[in-house]
Amino acid sequence: MRSDDSDAGLVEQVARGDEAALASLYDRHGPAAYGLALRIVRDPALAEDAVQEAFLAVWRGAERFERARAKPSTWLLSLVHHKSVDLVRREQSRPPRADEERAPERVAETDVSGDVLRSAERDEVHRALARLTPPQRQVLELAYFGGFSQSELAERIGEPIGTVKSRTHAALARLRQLLASPEGTVSEV
Amino acid sequence: MSDRGHAHDDLRTLVPLHALDALDAADSAAAEEHLSTCAECRRALDEALETAAALAFSVPPVAPPPALRERVLEAARTERARSEAPAPRAPAMRPRRSFRALLAPARALAVAMTLLALVLGGIAISARRDAADLRAARARDAAAIAALQSPGARVVAVQTPGRSVAAAVVLGRAARPVLVTELSKAPPLHVYQVWAILADGSKPISIGLIGGGRDQVVRLSRTLPAGTTIALTVEPAGGSPQPTTKPFATGGLG
């Protein structure tokens with residue numbers, strides 16, 4: 001048996017080169033990672049690449065992971081996000097086809113997992129997102145799931161970069177407040 | 001936007017977009033540079049990343065194709081096989097005085113002091129680490145000591161444009177070069193990457209990754225011919241095949 005099979009314990013074992021610990025992390029977070037990558041890159045093969053690169057970055061970087069600063073799952077999903085956005089931008093740099101305009105989806109409502117806990121967490125995030133103003137929701141969805149950069153965002157929503165920055169800041173701050181106190185009243189930011 | 005003149009307040013506004021990976025390259029580099037020195041903005045980034053991860057959790061999980069698991073593990077195994085090298089043998093410790101003599105060729109006193117503090121302080125820091133860390137730390141300290149003690153050792157400063165010393169490269173004739181840094185911990189999801197830019201104008205070669213903080217002594221992965229420039233950049237965790245940000249410190253090997 002493992003001495004510590006919490007995420008943080010597994011990351012520590014990965015830092016010592018324990019491949020079984022990496023496999024455990026993959027088994028635990030692979031579906032969330034693949035779901036996120038697929039949502040951003042919209043192509044199964046590219047999503048696999050993003051997930052593989054993210055887990056390799058965990059393998060290489062576990063030694064330097066600071067548990068005081070982030071949860072391991074936050075770290076892993078940030079890596080998946082980063083790699084996915086990289087891949088999307090690289091794909092975009094080839095000439096676009098007319099039918100390829102990336103339309104942001106609404107945050108998915110379908111639940112293909114039987115994982116009740118995760119599903120409750122998802123509902124909570126959906127409820128919080130629903131309480132953002134539509135422009136706040138739009139900027140988060142375009143940036144996080146669409147992989148749009150700040151200048152693309154400005155162009156797309158027809159606002160100056162300064163507005164994109166302040167809106168993103170306000171959206172994330174409000175989302176953070178809403179997630180921290182989901183039932184409470186949260187003042188507008 | 002990417003100039004060093006960015007005030008803290010300006011850079012602060014980039015943090016939320018940075019957490020969403022939505023900065024353009026120039027701003028991303030400016031943000032990274034600022035984050036490497038600003039604890040307040042690092043905390044803001046950590047918070048923003050945590051909130052961004054909640055967005056990730058809003059996506060329904062999808063079972064990856066079964067073959068991907070083995071592909072990931074196989075890639076990890078391959079990588080380890082490539083990076084594993086025999087551990088360096090630790091030389092016997094010499095009296096402290098000898099370090100000062102060996103450092104005589106150092107161009108900057110600041111570098112010498114940094115080196116001394118790091119090499120001599122290494123063991124004390126090590127006492128707080130577990131066994132694996134301790135072995136790794138000893139190996140790193142030993143590498144620095146060996147390089148300093150090798151015949152004709154010289155020290156080259158790697159400096160920021162403002163002339164502050166970010167790192168020192170110790171070049172010995174026999175040993176592989178060692179880089180000693182005094183960098184704060186790299187920002188989350190990022191590392192410092194060390195590049196060798198050869199005089200022949202070819203592309204920069206990655207010669208090491210540093211997390212900052214406790215990883216302060218690294219043996220570089222190749223010897224460096226005269227005329228090489230050493231450059232440090234901030235890169236996403238795991239390093240990049242080529243620099244993606246502007247070097248924040250450089251040093252020429254003359």
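This is a predicted model: local features need pLDDT of at least 70, side-chain atom pairs count only at pLDDT 80 or more; totals for chains, interfaces and linings use all residues.
Local features need pLDDT of at least 70, side-chain atom pairs count only at pLDDT 80 or more, and totals for chains, interfaces and linings use all residues, while side-chain values use heavy atoms, with hydrogens and water left out. Residues are numbered from 1 along each chain as its sequence is written, and chains are lettered from A in the order in which they are written.

**Chain A as a whole**

- Chain A has eight helices and zero strands, where helices (H or I, at least four residues) and strands (E, at least two) are DSSP runs numbered from the N terminus.
- Of the 189 residues in chain A, 51% are buried, a word that stands for under 20% relative accessible area, with a 1.4 Å probe and protein chains only.
- Among contacts (heavy atoms within 4.5 Å) in chain A between residues at least 6 apart in sequence, 57% join residues at least 24 apart.

**The interface with chain B**

- In chain A, 67 residues are in contact with 58 residues of chain B.
- The size of an interface is often given as the accessible area lost when the parts come together.
- Between chain A and chain B the buried area, which is the accessible area (1.4 Å probe) that two parts lose on being put together, summed over both, is about 5800 Å², and carbon and sulfur atoms give 62% of it.
- Seven salt bridges are counted between chain A and chain B, each being a side-chain nitrogen of Lys or Arg within 4 Å of a carboxyl oxygen of Asp or Glu.
- R60(A) forms a salt bridge with E79(B), and their closest N and O atoms are 2.3 Å apart.
- Several helices of chain A, including helix 2 (19–41), helix 3 (44–61) and helix 8 (161–180), each supply at least two residues of the side that touches chain B.
- Helix 2 of chain A gives the largest share of that side, with 13 residues.

**K83(A), in helix 4**

- K83(A) has its place in helix 4 (residues 72–92) of chain A.
- Although K83(A) is buried, it has no salt bridge, and the nearest side chain of opposite charge (Lys and Arg count as positive, Asp and Glu as negative, and His and the chain ends are not counted) is that of E53(A), 4.3 Å away.
- Leaving aside neighbours within four places in sequence, K83(A) is in contact with A50(A), E53(A), A54(A), A57(A) and, in chain B, A237(B).

**Q13(A), in helix 1**

- Q13(A) lies in helix 1 (residues 7–15) of chain A, and it counts as buried because its relative accessible area is 7%.
- Q13(A) and A62(A) are 49 residues apart in sequence, and their C-alpha atoms are 8.6 Å apart in space.

Conventions. Buried means under 20% relative accessible area, exposed over 50%, partly exposed in between (1.4 Å probe, protein chains only).
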